[in-house]
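Please look at the structure first, and then follow each question to its answer.

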Amino acid sequence: MAGTTTDPVDASWLVDLRSASQDCADRGLIAASKWATDLLLSFSAKKKLALQYTLEAQERNKSSQSSFSTSTPAKALPPPTGPSFAADASGSFVETQPTTSTPQTHSHSQSQFSAQIQPPPPAQAPVRPVPSLSFNQYFDVSSLSLSAEEQNFEKERVRAEQDLLIGAKAYFDAREFNRVMYMLTGCQSAKALFLSSYSHFLLAERKAWSDWHKLDGSRTQPPTPINPTISQTMDKVKNAKDPWLLFLKALFLSRLSRREEAIEACLQSIAGYRFNWSAWILLGSCINDAEELSSILNLLPLPPTNFLVQLFLVRTLNELQSAAENELMVCDRLLSEEFFPHSMGIMSLRASVLYHLHEYESAEVQFDAILRIDPFRVDDIDIFSNILYVQDNKLKLSKLAHEFLNITRDRPEVCCLVGNHYSLRQEHEKAVKYFRRATELDRTYLTAWTLMGHEYVEMKNSHAAIEAYRRAVDINRKDYRAWYGLGQAYELLSMHNYALYYYQHATALRSYDVRLWQAQGSCYEELGRPREAIECYKRALISSELHETLLCLKLARLHTILDERAEATAYHKRVIEFCQEKDRPIHEYAKSSVEVAEWHLNQLGGDLNVAKELLEKVAASNVEEVTRATDLLKIVKARIRDREAMMNASMHG
């Protein structure tokens, strides 16, 4: 996406976003509806006025053309829009897909049982579509399109079932899923089938999770809840052409861990209705890594210059903890006056990118801007709390926690915020209480499970930490934090082989993270495998200036253990050069100075003047190595005098 521009704003965007907001709401997709509404309200006043003027001009042209070509009065034509199908019920799904770190949003109407859709485990074979194929080449487009007769039939059935659909939606909003299915019995429209099938799925998921939690702590508890009715429900939509039913098909396939088929169904759904943001989120949840994401891009039914594709890329890379400067540029472009300058959703994406880039101060400024626009916005407030936690900003985190507790106590993001507040104050038991409350509100809230594990590690309760981290891994196997946490917990139990296994999983997901390579190196040291430890520390050294001194000292020590003095001295020299360049105090490189000086002293042809200079600095300080440095300095000076005496004798001889 480097160097890619964005298609200019078109008047049809206004129509499509208005339609999507209503369509998604009609099918219970609250998160998707909120997303469309956020973009709809984010145009600048000048841009929106221009777009509206263009739409009215198009309406007048169509009306005049119609009246010119017919003798009957022209009927008001609806504005051009995508297929007139309502947006999919994935709003609930989108809300509950965790990310950690990633940033995630949860709708206010989100419920525990609608949160149970989990991304499939990455143990499956990666999806590698042929890069040269486009969407039209990969799929039989004609088989996905509704004929004119089918479209007319759907419109007629929706019109005939209108009152029943209104009643069913009211029951759906009240989470009375049995009543939804009963009311829509015998209805034939795709919209009715969607609401009925989705209600059946959510009801079955609720029971599956209830039965699963009854087995908590039992050896008979399966890794994930078992929903035996999904296959039966999917039979109703397996041959669907309607884009919303295709989304539902993808949702069921994802729950069955049939990832490749779920991706295909998502792509087909997006082709039919591109503004169903829930389909984009579901597609992203099926992707395991950045390489796979790149291969999927060729199959998208939209060009890379489309703003939907670019938002999808930024969000998915955030989920994969792979966002970079390019994603920041995309967000900046989409937040310009020409696009969506007031979009809090895109601002939040931008703040998440900054968070993953460790630019915490800039991320904090971005979240402050969001809260100035809407001080009651709960979405992503957990990410903001993570940023303040990392910055050790106790005062601001405390103020934020109290403000949002007054807004609502029943959102998992707020519970996570309060948990971070107590964790920063070292009140770990209170922190656990709020993180647990967050998981009760949303069993698939990855961030809460992971942070709960961190608290248990701080409390030295390794077994409870392992249980929390395992729940996080079951929810999302692509999040490195849970794998890393499992490694830490097993390391506390001195089970270094187990710890190494989990650290390797975490490193595979986040290969550029210095901490993970250091953790692996530490395990190899404990297992008495210095050669492997050296390789890990070298890998960590590639991308770490902050920890360069520490890593070089570890590498020097390991090479010394292996009796590789030249390699050890090379790393000690690197420590000295780094510290002197950064004007660090002598105590940070005193040990390395002594080691390098001793190597010159013992090495045939060693530079005694360099050794003398290094030792004099250490001897003149009050560091721990001063005694050893003083003793070596005496020897070095004696050697220098002897060498000078020999040179004088040879000159006079």
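Q: Which residues does Gly345 touch, not counting residues up to four places away in sequence?
A: The model under discussion is predicted. Gly345 lies in helix α18, which spans residues 344–356. When residues up to four places away in sequence are set aside, the residues that Gly345 touches are Asp38 and Arg377.

Q: Is Gly345 buried, partly exposed or exposed?
A: Buried means under 20% relative accessible area, and exposed means over 50%. The relative accessibility of Gly345 is 25%, so this residue counts as partly exposed.

Q: What distance separates the C-alpha atoms of Gly345 and Leu39?
A: Along the chain, Gly345 and Leu39 are 306 residues apart. In the model, the separation of their C-alpha atoms is 7.9 Å.

Q: Which residues does Trp35 touch, not counting residues up to four places away in sequence?
A: The largest nonpolar core has 184 residues. Trp35 is one of the members that touch the most other members, a group that also includes Trp280 and Phe340. With residues up to four places away in sequence left out, Trp35 touches Leu17, Phe275, Trp277, Leu308 and Leu311.

Q: How are α22 and α23 oriented to each other, roughly parallel or roughly antiparallel?
A: Helix α22 covers residues 412–424 and helix α23 covers residues 428–441. Their axes come within 8 Å and cross at roughly 170 degrees. Angles over 145 degrees count as roughly antiparallel. The orientation of α22 and α23 to each other is therefore roughly antiparallel.

Q: How many charged residues does the contact of α22 with α23 have?
A: On the α22 side, the contact includes Pro412, Cys415 and Tyr422, and on the α23 side it includes His428, Lys430 and Arg437. By class, this contact has 10 nonpolar residues and four polar ones, and the number of charged residues is two.

Q: Is the crossing of α24 and α25 left-handed or right-handed?
A: The axes of helix α24 (residues 446–458) and helix α25 (residues 462–475) come within 8 Å, crossing at roughly 160 degrees. These two helices are therefore roughly antiparallel to each other. The crossing of α24 and α25 is left-handed.

Q: How many nonpolar residues does the contact of α24 with α25 have?
A: Among the residues that meet are Trp449 and Tyr456 in α24, and Tyr469 and Ile475 in α25. The contact of α24 with α25 has three polar residues and one charged residue, and its nonpolar residues number 11.

How values were computed: Residues numbered from 1 in each chain as written. Predicted model: local features only at pLDDT ≥ 70, side-chain atom pairs only at ≥ 80, totals over all residues. Heavy atoms only, no water. Axes fitted to C-alpha atoms, helices over the stretch in contact; angles between N-to-C directions. Helix = DSSP H or I, 4+ residues; strand = E, 2+ residues; numbered from the N terminus. Parallel < 35°, antiparallel > 145°, perpendicular 65-115°, else oblique. Left-handed = near helix turned anticlockwise from the far one by under 90°. Contact = heavy atoms within 4.5 Å. Nonpolar A, V, L, I, M, F, W, Y, C, P; charged D, E, K, R; others polar. Core = buried A, V, L, I, M, F, W, Y, C linked by side-chain atoms within 4.5 Å. Buried < 20%, exposed > 50% of the residue type's maximum accessible area, 1.4 Å probe, protein only.
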